[in-house]
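Subject: the model, plus notes

Hi,

Here is the structure I promised to pass on.

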Amino acid sequence: MEKVNFRTQVLTGHLQNHRHATTAATIYPSPCVSYVPPEISEQPFSFDVSTMRKLMDGHNLGDRDWLFNLMVQSKLFNPRLRGGKVFVVPDYNHSMEQQREITMKRIEYLLDHGAFEGWLTGKGPEAEMKKFALLEVIEIFDHSLAIKIGVHFFLWGGAIQFFGTKRHHDKWLRATENYLIKGCFAMTELGHGSNVRGIETTATYEANTGEFVINTPCESAQKYWIGGAANHATHTVVFSQLNVDGNNQGVHAFITQIRDENGNICPNIRIADCGHKIGLNGVDNGRIWFDNVRIPRENLLNSVADVSTDGKYLSAIKDPDQRFAAFLAPLTSGRVTIAVSAVYSAKISLAIAIRYSLTRRAFSITANGPELLLLDYPSHQRRLLPLLAKTYAMSFASNYLKLLYIKRSPQLIKTIHVVSSAFKATLTWHNMRTLQECREACGGQGLKTENRIGQMKGEYDVQSTFEGDNNVLMQQVSKALLAEYVAAKKRNKPFKELGLEHMNRSCPVIPAQLASSTLRSTQFQNDIFCLRERDLLNRFAAEVSQYQAHGESKESAFVVSYQVAEDLGKAFSDQAILQSAIEAENNVKDASLKNILALLRSMYVLVTLEEDAAFLRYGYLSTDNAAAVRKEVAKLCSEIRPQALALVSSFGIPDAFLSPIAFDWVAANSWSTVQN
């Protein structure tokens with residue numbers, strides 16, 4: 001009211017065309033805006049950030065820091081002095097061609113310094129975890145660089161490892177690790193992406209020559225979006241329909257050379273550029289046509305099936321469906337790395353946006369009072385802190401996914417496929433939403449490419465569709481859950497896979513009224529997530545069964561039941577993420593860490609309850625309880641707010657890999673920076 005009265009006096013003076021003596025006395029000049037580091041203005045940290053970082057990153061902290069330092073030391077990584085700090089970030093003013101060439105030079109620099117040693121020839125879980133850790137660091141610098149490396153090692157190299165046998169390993173793995181050859185992965189076609197079984201490229205065996213003939217029979221069969229193909233790749237694994245003695249044996253993989261050692265395109269190969277993209281222009285995506293290209297019989301990757309010299313098809317797996325499933329099982333590594341990288345992208349944007357909101361002020365709420373920090377506005381807290389809590393939960397989930405993949409076995413193939421599909425979709429969707437919110441939360445500064453967030457939206461958008469369209473992956477999750485449900489009911493035995501063991505217990509009952517203590521309890525949070533997954537699985541099974549009873553095929557019934565299927569896939573993913581967060585929290589001994597992790601877990605669960613209409617749609621929450629949830633989310637925001645700086649500092653991302661607005665944004669935009 002003081003401010004209102006003051007404004008009324010000023011307006012009255014103008015209208016009466018005279019000045020009150022007191023008016024001038026109430027106007028004060030505002031001091032220039034200055035930057036105060038949040039480390040000075042914020043409360044001391046209530047928990048040890050290095051311990052939290054160890055919990056978040058999970059492994060190979062020393063290797064990560066070594067690679068961070070290696071990149072900062074080289075001019076290839078575009079170091080720039082802004083506001084008294086050096087930042088490394090790709091120069092997106094470069095043309096597409098320049099971005100591709102600098103990406104290749106960065107790979108050569110990392111190769112020369114031993115960054116890739118053991119990535120394909122190393123043995124055991126330790127080697128695999130180190131590879132994951134170093135790729136995550138590369139991802140923090142530049143998505144294009146990580147994808148270019150990932151295609152070479154995880155897709156081309158992974159195909160040799162998992163689809164090939166000793167003859168392929170001996171010939172190709174070390175040469176790949178040392179970049180004596182440059183590999184790409186030709187699966188996607190113009191006419192077929194997610195539906196791998198429908199690809200049209202053919203590989204026909206000729207017994208009289210002992211060769212396969214690879215052919216692109218029509219324009220829709222051209223290989224499309226093949227990373228590395230446009231400029232640099234010398235070899236590819238080409239996925240084709242195998243024809244032996246007039247019989248189609250389904251999709252198989254073949255090693256095919258596409259360029260010679262001088263970079264010239266091989267005979268009977270045609271390659272075109274996919275062109276400029278909304279992001280990832282450091283990756284040379286290309287299109288490939290094969291005009292009856294001949295390759296030796298030994299180039300068939302034959303761990304699942306083989307063709308004898310006299311033209312007999314050989315496989316220990318007789319069922320074509322099982323053979324196809326076994327064939328594609330190793331490809332989950334791509335979904336694992338995408339899910340993990342999405343979490344690190346969200347961490348970058350949140351670290352930048354939250355640090356900026358702890359130093360940027362806007363408007364005062366008292367007459368002549370100081371302007372408020374952005375993060376002191378409850379509305380700003382509500383925008384960023386739930387995303388921060390979700391990112392913590394998903395970070396623990398991504399660590400669980402990596403360990404699950406590392407421990408892979410034939411018995412775990414189904415679980416890895418389902419969990420990696422669910423997490424890839426959920427975590428990449430979360431990342432894109434986080435990037436958008438953080439971009440807006442930084443105002444106009446979020447538009448500048450040097451501040452990273454706006455540019456990252458274009459760089460990471462592709463994650464929603466490559467290595468499997470997110471919506472298709474979630475439908476696969478629901479189908480797998482339904483198959484497990486039908487099998488358990490048919491056997492009349494307990495559920496024992498895919499985290500469905502909770503369905504062996506009695507159905508959870510949600511209290512009619514939810515107090516704050518209940519909403520924050522692990523028991524309630526488990527119960528309501530389990531109730532949702534259980535009920536939706538029952539509904540999905542009933543709906544599919546009903547359509548089948550009316551004459552629909554199983555596949556047709558799946559298609560028309562998509563709405564419940566989408567809700568079920570999300571329920572499975574959320575429940576698995578919650579279990580990962582609870583496990584991480586239970587493994588912590590330090591009380592201060594436990595306390596903040598409990599707040600973050602509660603925020604993750606309650607904001608999920610608030611945002612997902614399924615909880616109201618299917619009656620898991622009453623409208624009164626939904627209101628209680630919303631009120632509790634606001635309370636949690638105010639409790640997490642004092643720990644915001646500590647929480648983003650725990651991400652362990654060096655200052656150089658953030659952006660100028662995360663630090664002294666006044667100095668970074670001063671006239672002296674223009675002159676220099």
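First, the ground rules. This is a predicted model, so local features need pLDDT of at least 70 and side-chain atom pairs count only at pLDDT 80 or more, while totals for chains, interfaces and linings use all residues. Residues are numbered from 1 along each chain as its sequence is written, and side-chain values use heavy atoms, with hydrogens and water left out.

**Annotated parts**

UniProt, in an unreviewed entry, puts "domain: Acyl-CoA oxidase C-alpha1" at residues 331–482. (UniProt positions are in the numbering used here, feature names are shortened, and annotations may be inferred rather than shown by experiment.) That span is 69% helix and 3% strand, and its end C-alpha atoms sit 23 Å apart. Helices (H or I, at least four residues) and strands (E, at least two) are DSSP runs numbered from the N terminus.

The unreviewed entry also lists Glu-467 as "active site". Glu-467 is in the loop between helix H14 (453–460) and helix H15 (470–491). It counts as partly exposed because its relative accessibility is 27%; buried means under 20% relative accessible area, exposed over 50%, and partly exposed in between (1.4 Å probe, protein chains only). Leaving out residues up to four places away in sequence, Glu-467 touches Leu-155, Leu-331, Gly-334, Arg-335, Ile-338, Lys-424 and Leu-473. Contact here means heavy atoms within 4.5 Å.

**The core**

The largest nonpolar core has 200 residues. (Such a core is a set of buried Ala, Val, Leu, Ile, Met, Phe, Trp, Tyr and Cys residues joined through side-chain atoms within 4.5 Å.) Helix H12 (residues 378–406) gives the largest share of this core, 14 residues. Among the residues with the most contacts inside the core are Leu-110, Phe-116 and Ile-149. Leu-110 touches both Phe-116 and Ile-149, and its other partners include Leu-67, Met-71 and Phe-77.

Phe-615, in helix H21 (residues 614–617), is buried because its relative accessibility is 0%. Its contacts beyond four places in sequence include Ile-528, Phe-529, Arg-532 and Leu-609.

**Cavities**

How many cavities of 30 Å³ or more does a search of the whole structure find? The search finds 8. A cavity is a set of points, on a 1 Å grid over the protein atoms alone, where a 1.4 Å probe fits but cannot get out, and lining residues have an atom within 4 Å of a point. Points are joined across faces, edges and corners, and a volume is the space filled by probe spheres set on them.

The largest cavity holds about 110 Å³. It is lined by 14 residues, with Lys-148, His-152, Lys-182, Gly-183 and Gly-228 closest to its centre. Helix H8 (143–163) and helix H6 (96–112) each supply at least two lining residues, and H8 gives the most, with 4.

Most residues other than glycine have a negative phi. Asn-268 has a positive one of about 65 degrees, in the loop between strand S8 (247–257) and strand S9 (269–273). Asn-492, in the loop between H15 and helix H16 (516–519), also has a positive phi, about 55 degrees. At 44% relative accessibility Asn-268 is partly exposed, whereas Asn-492, at 71%, is exposed.

Cheers

Key:
1 Å grid on protein atoms, 1.4 Å probe; cavity = no way out; pocket = protein on both sides within 12 Å on 5 of 7 lines; lining within 4 Å.
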